[in-house]
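Visitor: I am new to this structure and would like a close look at one part of it, the packing of its helices against each other. Please start with the chain as a whole and then go through the helix pairs and the loops beside them.

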Amino acid sequence: MNRSLIALIALALLASTAGCKTIVVGFAADAISGGGGAMAQDDDPELVRDAVPFALKTMEGLLEQEPDHEGLLLALSSGFTQYAFAFVASPADAADMKGDLAGAKAGRERARRLLLRARDYGLRGLDVREEKASSRLKPGAGLPGAVRSFEKKKDVPLLYWTAAAWSLAISSAKGDMSLVADLPVPIAMMERALELDEAWAEGALHEYFLVLDPGRTAAEGGGSDRAKQHYERALALSKNKKLGPHVSYAEGVLVKAQDREGFTRLLEEVLRADTSADKAHRLENVLAQRRARLLLDHADDLFL
């Protein structure tokens, strides 16, 4: 967060008259929701982990003054999703692998709460874009029509982050069958986003299906072959600058195939990559390397 944004936030908090406050808060909301690449370029995940909550709470404070600000709703949905996944759910997975079941359970419960908050901000954003859109996003015969009502590329970011948060919340709470029953909704949202703009965010939509498809049958639209297609497309769209797709492919497809040699070779390549070579993806690549190391350290638990 740069000095100009901090100054805008301070002005929003200090403005005394109602009219002035409304103007300044709107201006600050526009500025802060626009975001920036500083955190994505950082090579210190712990520094980012400690900084993000302040930024998120600041945006929530601004949202109270501008409750229909689409940019803030999108930023909160994406921000809480990324924070919950990278800094809460992933450490919970690591705790599970290391045998800390209590820590894993606590982490997943917290991740679920944060992810549902992210989902709800996304749904509010979709309602701003299209009145009562969220009420139509539910399992059933009307779901295909509901997602087809989104017809523009500019709908994709909200569709993606809402669906990503929703899917991850389901993954973190598999015992909650009422939540699991919602899974067709985020999948349909992602499928629609893929139809609208498959290249969005350098292949992020393909990365989603790369993670999802190994757990689905071919009849359900998934399977290892489909996952491989999404893997190759994600690499092409990102110009092979992201390490995450390699880790997801190793964990989802190669473990399922019990291809330990391919798994080891691919993850060792990830670990050898220079994360400083591409600043725009530095943070996510550092985190991908950490995941690769964790998986390699626990390979004996993944392969027979």
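Guide: The protein chain has 16 helices and 0 strands. The model is a predicted one. Of the 304 residues in the chain, 48% count as buried. Among contacts between residues at least 6 apart in sequence, 65% join residues at least 24 apart.

Now to the pairs. Two packed helices are described by the angle between their axes and by the distance between the axes.

Helix α13 covers residues 244-254 and helix α14 covers residues 260-272; their axes are 9 Å apart, and the packing angle is about 165°. An angle over 145 degrees counts as roughly antiparallel, and α13 and α14 are therefore roughly antiparallel to each other. The crossing of α13 past α14 is left-handed. On the α13 side the contact is made by His246, Val247, Tyr249, Ala250 and Leu254, and on the α14 side by Gly262, Phe263, Leu266, Leu267 and Val270. Sorted by class, this contact of α13 with α14 has 8 nonpolar and 2 polar residues, with no charged ones.

The loop between α13 and α14 contains Gln258. Gln258 is not a glycine, yet its phi is positive, at about 55°. The relative accessible area of Gln258 is 34%, so the residue is partly exposed. With a relative accessible area of 67%, Lys239 is exposed.

The next pair is α10 and α11. Helix α10 runs over residues 184-196 and helix α11 over residues 200-212; the axes come within 10 Å and cross at roughly 140°. The two helices α10 and α11 are therefore oblique to each other. In passing α11, α10 makes a left-handed crossing. From α10, the residues Pro186, Ile187, Met190, Glu191, Ala193 and Leu194 meet Leu205, His206, Tyr208, Phe209 and Leu212 from α11. The classes in the contact of α10 with α11 are 9 nonpolar, 1 polar and 1 charged.

A further pair is α3 and α5. Helix α3 spans residues 45-65 and helix α5 spans residues 101-129; they pack at an angle of about 35°, and their axes are 14 Å apart. Here α3 passes α5 in a left-handed crossing. The contact joins Lys57, Glu60 and Leu63 in α3 with Arg117, Tyr121 and Arg124 in α5. By class, the contact of α3 with α5 has 4 charged and 2 nonpolar residues, and no polar ones.

Ser135 lies in helix α6, which covers residues 133-136. Ser135 has a relative accessibility of 44% and so counts as partly exposed. Between the C-alpha atoms of Ser135 and Leu123 the separation is 9.0 Å, and the two residues are 12 apart along the chain.

Methods: Residues numbered from 1 in each chain as written. Predicted model: local features only at pLDDT ≥ 70, side-chain atom pairs only at ≥ 80, totals over all residues. Heavy atoms only, no water. Axes fitted to C-alpha atoms, helices over the stretch in contact; angles between N-to-C directions. Helix = DSSP H or I, 4+ residues; strand = E, 2+ residues; numbered from the N terminus. Parallel < 35°, antiparallel > 145°, perpendicular 65-115°, else oblique. Left-handed = near helix turned anticlockwise from the far one by under 90°. Contact = heavy atoms within 4.5 Å. Nonpolar A, V, L, I, M, F, W, Y, C, P; charged D, E, K, R; others polar. Buried < 20%, exposed > 50% of the residue type's maximum accessible area, 1.4 Å probe, protein only.
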